[in-house]
Structures are given as C-alpha cells and as structure tokens.
Amino acid sequence: MSIYQKLGQIATKWGGKHLFFKYGFNLSPMYRRSTARVTHVEKDLKSIRVKLPISYKNRNYVNSIFGGSMFSAVDPFPMTQLISLLGDNYVVWDKSAKIAFKRPAYENLSTTFTYTDEEIENIKTQVAKQNEIEFKRTNALTNKTGDIIFCEVEKTLYVADKAFFKAKRKAREKQKRS
C-alpha cells in the first residue's frame, strides 16, 4: 500500500475520500508540478474536474502551454479514480498512453473525468468472466466553454481480479527462477 493510499484511508475518516482526492492531489508535489488543479470532485468519485491555467510556469518556447503539463494534468486520474471506484478486490494499472495535440493552447484548459454506474458494472462483469481486461479511456483538454479541443489523451487501462493477478505474478516469478 502506497503512502497516498494510507493517507487516503485516514482522510476518509475525517471528511470523505472526495476531499482527499481534491486536496491531496492539489498539495502533492508530483501533481503540483503539472501546474493543474483539481477544482471539483463528486462525493461518489464518479466525476473529477481539473483546470490547467496558463502561467509562466507552463509556457513553452512559443508561449503556449507546454505539452508535458497537458499530459501531466490528466495522467493520474483514469487509474486512481477507477481504483477507488472498484475497491480492494481489483488491480488497476496504466498500460499505455497516447497524446494528440490538436492546437496550441494560449488560454486556460479544463477536463472532466467521469465513470458511470454502467461502466463500473461492465468492468466488474468483464473481469468476473475473463479475470483481466484492458480498455481505453480518452479525455480532451478544452477551453472554458468546452467547444475547442486542444489535446486528447488516450489511456489504456488494465484491470484484473486481485487474486488472479497475484496468482499470475507468482507463477511468472516461479517460472523465472526455474
């Protein structure tokens, strides 16, 4: 269990996991460096809103928002959000990511990460049938009105039944030793 997971368990007792997500990410050194901020988290964690303001800290050579800041702003949420929504019986990993820059960003950007009840149930059903799955999630960073897309980030996520994952890992380790 990571330090962030331990802190999340403690924080949940005092104010709810949604507040830990918001303030934990905003205070975390790893996320602060992206220059993005979590602006809203629903109590059920199914929706997280992030803002990436343009500033001197994230401007690139041509004065638009640095692509690394765009990616860093969206990177942790599909995985960490899903870990919290699925619970302790699942393993969730980022498998890969692909970013597509659509146009230079000379203004503040934002995005919302959402999972529906149907998506969560579908993931659980597929994992129950197959033990492990991979699927893609795409988020777009847009302007404040949401009508102009500046970049899209596609993440491939891996989800497995925790018991299956541990057994698979043990078998792989045993095979390496022999």
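A word on the source. The model is predicted, so local features need pLDDT of at least 70 and side-chain atom pairs count only at pLDDT 80 or more, while totals for chains, interfaces and linings use all residues. Residues are numbered from 1 along each chain as its sequence is written, and side-chain values use heavy atoms, with hydrogens and water left out.

First, the chain as a whole. There are 7 helices and 6 strands; helices here are DSSP runs of H or I with at least four residues, strands are runs of E with at least two, and both are numbered from the N terminus. In order from the N terminus, the elements are α-α-α-β-β-α-α-β-β-α-β-β-α. The C-alpha atoms fill a box of roughly 55 × 40 × 35 Å along the principal axes. Of the 178 residues, 37% are buried, where buried means under 20% relative accessible area, exposed means over 50%, and partly exposed lies in between, using a 1.4 Å probe and protein chains only.

Now α6, residues 117–130. At 1.5 Å a residue, its 14 residues should span 20 Å, and the end C-alpha atoms are 20 Å apart, which agrees. The expected span is 1.5 Å times one less than the number of residues.

Which residues of α6 are buried? They are Ile120, Ile123 and Val127. These cover an arc of only 60 degrees around the axis, so they sit on the same side of α6; the arc is taken from the directions from the helix axis to the C-beta atoms. As background, an α-helix has 3.6 residues a turn, so residues three or four places apart point the same way. On the other side of α6, Glu118, Ala128 and Lys129 are exposed.

What covers the buried residues of α6? The cover includes α5 (77–86), β3 (90–101), β5 (132–142) and β6 (149–161).

Next, α5 against α6. Their axes come within 11 Å and cross at roughly 75 degrees; axes are lines fitted to C-alpha atoms, for helices over the stretch in contact, with angles from 0 to 180 degrees between N-to-C directions. The two helices are therefore roughly perpendicular, a term for 65 to 115 degrees. Leu82, Leu85 and Leu86 of α5 meet Ile120, Ile123 and Lys124 of α6 in this contact, contact meaning heavy atoms within 4.5 Å.

Last, Thr142 in strand β5. Thr142 is buried, at a relative accessible area of 13%.

Terms used
Angles under 35 degrees count as roughly parallel, over 145 as roughly antiparallel, 65 to 115 as roughly perpendicular and the rest as oblique.
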